[in-house]
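Biologist: I would like to go through the labels on this model one by one. Please set each value against its cut-off.

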Amino acid sequence: CEALVSGAGEASGTAMARDVLDGYHDLDAEGRKAFFTALVHDFGPDKTRLAKAIEDWRAAPSDEGASALHFASEPRRQELIRRLNRAPGGTPELVAMRTDLLDLLKANPELAALDRDIVHLLSSWFNRGFLVLRKIDWSTPANILEQIIRYEAVHEIHDWDDLRRRIDPVDRRCYAFFHPAMPDAPLIFVEIALTEAIPGAIAPLLAVDRPPVPADRARTAVFYSISNTQRGLGGISFGNFLIKQVVEELRRELPKLDTFVTLSPVPGFMGWLKSTSDATEEDRNVLKLLNEPRWIEDAEMTAELRTVIEPLAAHYFLKARTAKGRLIDPVARFHLGNGARLERINWLGDLSAKGQRESATVMVNYLYRLEDIEKNHEAYANDGEVVASSAVKKLLRGEGRRLLDMRLSS
């Protein structure tokens, strides 16, 4: 590594980079930790060069001096990583290397500096300008389709027949971003259902015997699953670009589409319900019904739970925050940060075992209205405002509960 970063010629440097990566593959877990630790301690900024740049800047501040100070302050490991990237197959191997680093970070916080440097470089190499959007269908090569099955993170794809039902019918679409250095590896993909109206539950969309919606009758595009495939690219966001570009693709193909929504899970809702102090004693008594076997088949029990769950879900999205003031739900942070509006909370939206375990069956719709995306994004990014429909706001405790009780009693 020292020889590589010190200025070998391009040809010998490429061969040396390949040797470094091959050597890294031979390391065990302790060896990789030692390697990362060495990059932190031994490949930081050149202190002599940095001290001189600081001295020159203080003596005579100038644009040239500022530039010299900038480059002198860069850790040497950044240049090392750039040179490793020149090796054949270097890019995917560096992505995999960062996955190893993430496994060590929690127990070894001193490695955070190295992680920041890798993320800085990967963010440049995987920016939107390099990504290629490709449609995934039944003619896509099998090795890519296998990855769609393997990395589906929201609604498990059980087998090849299940995959075909999601990408082959006239009312189904799937798109993925690829990078030129990793042409056979989808980085992130989205599954879409074309429907006549906004759906409130996932089961009808994935039903084996559902009748397809003719394309000329479809008015709504539903993004029901978005999955990342590369853990090593965690924290490098290109999901927002994916959604916006897919919307443009769909509008060109199907001009009659006028509504673009998600049908999203709420993976942290049950955990929050069990720990929150925002639930009253009455709420907690009702929530105990969730532990009853087969409660979902009891109409009276589900109605009683609904009067508690929906207002609490509204509170979860509109009011609840982490200790650092962030929204609790990661899916909400993603879509609201991209400029969507929280449109609807769907009770009994996901009746699967996973849906009951993670979200008490709740799913939500986020609406992407193109003319409002920038305004909604600014409201969330600058003020932390959750842009939500009036229907969601009415579900907050008080008015929402009174309206639900009136509806149920009638």
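Modeller: Start with the term cavity: on a 1 Å grid over the protein atoms alone, it is a set of points where a 1.4 Å probe fits but cannot get out. Grid points are joined across faces, edges and corners, and a volume is the space filled by probe spheres set on the points. The second largest cavity here has a volume of about 30 Å³. The structure holds 2 cavities of 30 Å³ or more. This is a predicted model, where local features need pLDDT of at least 70, side-chain atom pairs count only at pLDDT 80 or more, and totals for chains, interfaces and linings use all residues. Residues are numbered from 1 along each chain as its sequence is written, and side-chain values use heavy atoms, with hydrogens and water left out.

Biologist: What makes a residue part of the lining of the second largest cavity, and which residues are they?

Modeller: A lining residue has an atom within 4 Å of a point. L39, I81, L84, L94, M97 and I118 line the second largest cavity. Helices α6 (76-84) and α7 (90-105) each supply at least two of the lining residues. Helices (H or I, at least four residues) and strands (E, at least two) are DSSP runs, numbered from the N terminus.

Biologist: How does the lining of the second largest cavity divide by class?

Modeller: There are 6 nonpolar residues, no polar and no charged. Ala, Val, Leu, Ile, Met, Phe, Trp, Tyr, Cys and Pro count as nonpolar, Asp, Glu, Lys and Arg as charged, and the others, Gly among them, as polar.

Biologist: Why is a pocket not called a cavity?

Modeller: Because a pocket is an open set, with protein on both sides within 12 Å along at least five of seven lines. About 870 Å³ of space lies in the largest pocket. Its lining has 40 residues, with I226, N228, P330, V331 and F334 nearest the centre. Helix α16 gives the most to that lining, with 6 residues. By class, the lining of the largest pocket has 19 nonpolar, 16 polar and 5 charged residues.

Biologist: What about the second largest pocket?

Modeller: The second largest pocket has a volume of about 360 Å³. Of its 17 lining residues, H155, E156, H158, L206 and S352 are closest to the centre. Its lining has 7 nonpolar, 4 polar and 6 charged residues.

Biologist: Why is the pair of W138 and W160 called edge-to-face?

Modeller: Rings of Phe, Tyr and Trp (its six-membered ring) pair if their centres lie within 6.5 Å; planes under 30 degrees apart count as stacked, over 60 as edge-to-face and the rest as tilted. W138 and W160 are 6.2 Å apart centre to centre, with 75 degrees between the planes. Therefore they pair, and the pair is edge-to-face. W138 lies in the loop between β1 (132-135) and α9 (142-151), and W160 in helix α10 (residues 160-167), 22 residues apart.

Biologist: Why is W138 called partly exposed, while S389 is called buried?

Modeller: Buried means under 20% relative accessible area, exposed over 50%, partly exposed in between (1.4 Å probe, protein chains only). W138 has 29%, so it is partly exposed. W160, with 36%, is also partly exposed. S389 has 7%, so it is buried.

Biologist: How do you know that a charge sits over the ring of F178?

Modeller: The rule asks for NZ of Lys or CZ of Arg within 6 Å of the ring centre and within 35 degrees of the ring normal. The charged end of R134 is 3.9 Å from the centre of the F178 ring, and sits over it.
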